[in-house]
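Opening the notebook on this one. I wanted to look at pockets first, then at the aromatic rings.

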Amino acid sequence: MLTLLGIPGALRAASTNRRLLAEARTAFGDATQTEANLRLPLYDGDLEDAHGIPPDVQTLADQIAAADAIVIATPEYNKALPGVLKNALDWVSRTKGAPFRDKPVAIVSAADGRGGGDRSQFSLRLALTPFRPRLLSGPEVLVADAAHAFTPEGRLIDARYQKALTELMQALRAEASRI
């Protein structure tokens with residue numbers, strides 16, 4: 001059975017990106033599914049020198065290393081990926097073993113603007129480049145007007161978004177199965 005790690009780029013429990021991540025996990029299908037916790041201390045070289053890698057950071061790196069596939073749901077904060085997600089990447093870059101290396105990774109986003117998080121996805125792709133994952137190029141899942149894109153139960157309303165998400169998750173599953 002495949003292991004799927006979901007990384008929510010938003011801390012808020014009811015965020016639209018957590019809803020989108022839940023939809024992605026459903027579309028991925030049968031798998032052992034885990035979710036990352038990005039409530040990490042701000043990266044600080046002095047903290048690392050004094051205490052080493054924080055346990056929550058090592059847990060995240062271990063989750064990444066153990067996953068067969070990863071899906072990241074990123075909001076767009078001021079035209080880029082959110083700081084909490086960048087901070088997590090900065091910390092993971094300090095761990096041993098290159099946990100993202102050659103991992104199939106899909107990126108999805110939901111944002112209130114009309115671009116649906118296109119700039120956050122672009123900046124996240126740039127931030128992931130040094131990790132050398134196998135980033136899926138598409139289909140792009142960019143949920144615009146995110147505050148109105150989900151039912152009260154958290155389901156995507158627009159069939160086009162659901163279709164693209166299902167296709168992306170099927171591609172992620174196929175890529176993970178090739179390993």
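I began with the lining of the largest pocket, which by class comes out as eight nonpolar, three polar and two charged residues. This is a predicted model, so I am reading computed values throughout. The lining has 13 residues, and I noted Arg12, Ser15, Thr16, Asn17 and Pro75 as the ones nearest the pocket centre. For the space inside I got about 180 Å³.

**Aromatic pairs.** How many aromatic pairs does a search of the whole structure find? I got two.

Tyrosine 43 sits in the loop between strand S2 (32-35) and helix H2 (45-51), while tryptophan 91 belongs to helix H4 (residues 83-92), so the contact ties together parts 48 residues apart in sequence.

Next I looked at phenylalanine 100 and phenylalanine 131. Their ring centres are 5.2 Å apart and the planes meet at 65°; the cut-off for edge-to-face is over 60 degrees, so this pair qualifies. Phenylalanine 100 is in the loop between H4 and strand S4 (104-110), and phenylalanine 131 is in the loop between helix H5 (118-128) and strand S5 (134-135), so parts 31 residues apart in sequence are tied together.

**Charge over a ring.** Last entry: I found arginine 173 over the face of phenylalanine 28, 4.4 Å from the ring centre.

How values were computed: Residues numbered from 1 in each chain as written. Predicted model: local features only at pLDDT ≥ 70, side-chain atom pairs only at ≥ 80, totals over all residues. Heavy atoms only, no water. 1 Å grid on protein atoms, 1.4 Å probe; cavity = no way out; pocket = protein on both sides within 12 Å on 5 of 7 lines; lining within 4 Å. Points joined across faces, edges and corners; volume = space filled by probe spheres on them. Nonpolar A, V, L, I, M, F, W, Y, C, P; charged D, E, K, R; others polar. Phe/Tyr/Trp six-rings, centres within 6.5 Å; stacked < 30°, edge-to-face > 60°. Helix = DSSP H or I, 4+ residues; strand = E, 2+ residues; numbered from the N terminus. Lys NZ or Arg CZ within 6 Å of the ring centre and 35° of its normal.
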